[in-house]
Structures are given as C-alpha cells and as structure tokens.
Amino acid sequence: MSLDDNSIVVLTGAASGIGRALAVRLASEGVNGLAIADVDPDGLNETARLIATRSARVTKHVVNVADPGQMRRFVVEVVAAHGGATHLINNAGVSLFGTVEEVSIEDIEWLMGVNFWGTVYGVKLFLPILREHAASHIVNVSSVFGIIAPPGNAAYCASKFAVRGFTEALRHELADTGITVSCVHPGGVATNIARGGRLGAHADGSVKDEFVKLHTRLSRTTPEAAAATILRGIKRRSKRILIGADARLIDLIQRAAPVGYMNAINPLFNAPPAKPRKKS
C-alpha cells in the first residue's frame, strides 16, 4: 500500500533524527493519521509542534519500545485513536560503545531490548492490525552495520544483523499476502545516535569520544535526505532500502569480499575529512 489519504502510519523513534524527519515528511504526504512514539517526551512534543499545522491527524505516544507492556498499551492507544494502522515503521534505535570485553551483559541486553526486541514487539503486536487491510507495509530500520561488522561494534552489529534477518524471513513468510516488508540500511546519517549512545561498562571514556568524532566526520547524509529515501522506497514497495552513497559502496565491497571487507573499508573510515570546495 502506497501512502495516500487512507494511510495510517505508526512511527517509533520519532523524537529526533531520521524519525523526526520522517514524521515531518509523512505529515506532508496527505496521510490520514500518524501515530508518533518515543521514550523522550520533550523531543516528541517538539516533533508534534513541527507538524501541528499539517492536515494529518497526529497522536503522540510516550513509549519504551523495549517494554512489551508499554508496546501493548501503544497498540490499544493507536486503535482507539485511529481505528487501525496501514504502515508500521520500526525506527527506534540506540548505540553502545566498546569491544565485547568492554561492554557488560547488561549493556548488551539494554541495546538488544531497544534495537531488536523493540522491532519484534512492533511487528508481532501490530501485524494482526495490518492484516485487516488489503495492502499494508512494515518498514524495519537496520543499519549499514547490519551488512558489515567493524570492531568495537559487536553488540550494535548483533542487533542490526538480527533486525535484518528477522525482516528478511518475515518478508518471505508474508510474500503471498498484501503486506510489503522493507529493511532499511542507513549509512552515515547526521543524527545524535552516537552522541546519545551508552559507553560500555568497562570501556574508557575516550572510546565514545572517538566514535562520536568518527560518526560526525562520516555522516554525509542529512536526516531529511534519509527520510526522503525511505518514503521513496515505501512508494516503490522496495524490499531493501540503502541510504547514502556510503551504504551503497559498503554493500558492494561486502559482496565482493565477504570475509576481508574491512581491509577495503578501513581506509574509508580513516580517510581525512573532505576539504570544502573553493568558491569559483
């Protein structure tokens, strides 16, 4: 189902970054309803303020996607407010810094709760509602780190590989239904996910600082551009959505060298910042 005035879209992680940009774009698409959710009430209020003048019926929901009880309540609220849902975008995500030895079991459980279980809860709980429509759409946001696994990111990569595997299997299971299933792999997007990430229990503080610097330097795609790519993919019913030239290049490198891809990708990570072009 493409986006039209009958669409009711459920969007998690809407308080900032790609989620906020998606909410703004969706509200401009003429959709009938938009249920935006996040654990951050202040950020959610700001997103709602940005789209308050649009025609879509917007409802706000403060939800921790890692909590199944809160997710069940979220579903009840959406049905009560909108009568159902046609699109589900599982976008909520967090980051964690440190090697396998530096992060704790509790750190990994926290990250998997948001990134993976949040996606699972969203799909499992909203799927019966999505099935009530002749055509509907599930969009799960993975990462370019659901394609490659750089050192220092084992937990984050585990969550995003899990989202990818879950989404691809779901797509195959629903192939004979009217439900389209898409997996999104953003490359470097200029959001606060790195700055707001958690430092592993046994990691030195400099670890996060270095990752934040790297993320800032490599994030060439704006949240608005990422949102536009996702919406274009929804309209085209694309099953796999790569965001950014970096994601497309990394995908090609991984396909060519499935074991030794880091040898080719490391120079990209270590490249100096691009110099600004001189005005002519």
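## Residue His82

His82 lies in helix H3, which covers residues 68–82. The model described here is predicted. With a relative accessibility of 11%, His82 counts as buried, because the cut-off for that class is under 20%.

Apart from neighbours within four places in sequence, His82 is in contact with Ile8, Gly33, Leu34, Ala35, Arg57 and Thr59. One of these residues, Arg57, is 25 residues away from His82 along the chain, and the C-alpha atoms of the two are separated by 8.3 Å.

## Helix H5

Helix H5 consists of 20 residues, 154–173.

The buried residues of H5 are Ala155, Tyr156, Cys157, Ser159, Lys160, Val163, Thr167, Leu170 and Arg171.

## Packing of helices H1 and H7

Helix H1 (residues 17–27) packs with helix H7 (residues 223–236) at an angle of about 60 degrees, and their axes are 8 Å apart. H1 is therefore oblique to H7. The crossing of these two helices is right-handed.

On the side of H1, the contact is made by Gly17, Ile18, Ala21, Leu22, Arg25 and Leu26. H7 contributes Pro223, Glu224, Ala226, Ala227, Ala228, Ile230 and Leu231. By class, the contact comprises 10 nonpolar, 1 polar and 2 charged residues.

Technical notes. Residues numbered from 1 in each chain as written. Predicted model: local features only at pLDDT ≥ 70, side-chain atom pairs only at ≥ 80, totals over all residues. Heavy atoms only, no water. Helix = DSSP H or I, 4+ residues; strand = E, 2+ residues; numbered from the N terminus. Expected span 1.5 Å × (residues − 1). Buried < 20%, exposed > 50% of the residue type's maximum accessible area, 1.4 Å probe, protein only. Axes fitted to C-alpha atoms, helices over the stretch in contact; angles between N-to-C directions. Parallel < 35°, antiparallel > 145°, perpendicular 65-115°, else oblique. Left-handed = near helix turned anticlockwise from the far one by under 90°. Contact = heavy atoms within 4.5 Å. Nonpolar A, V, L, I, M, F, W, Y, C, P; charged D, E, K, R; others polar.
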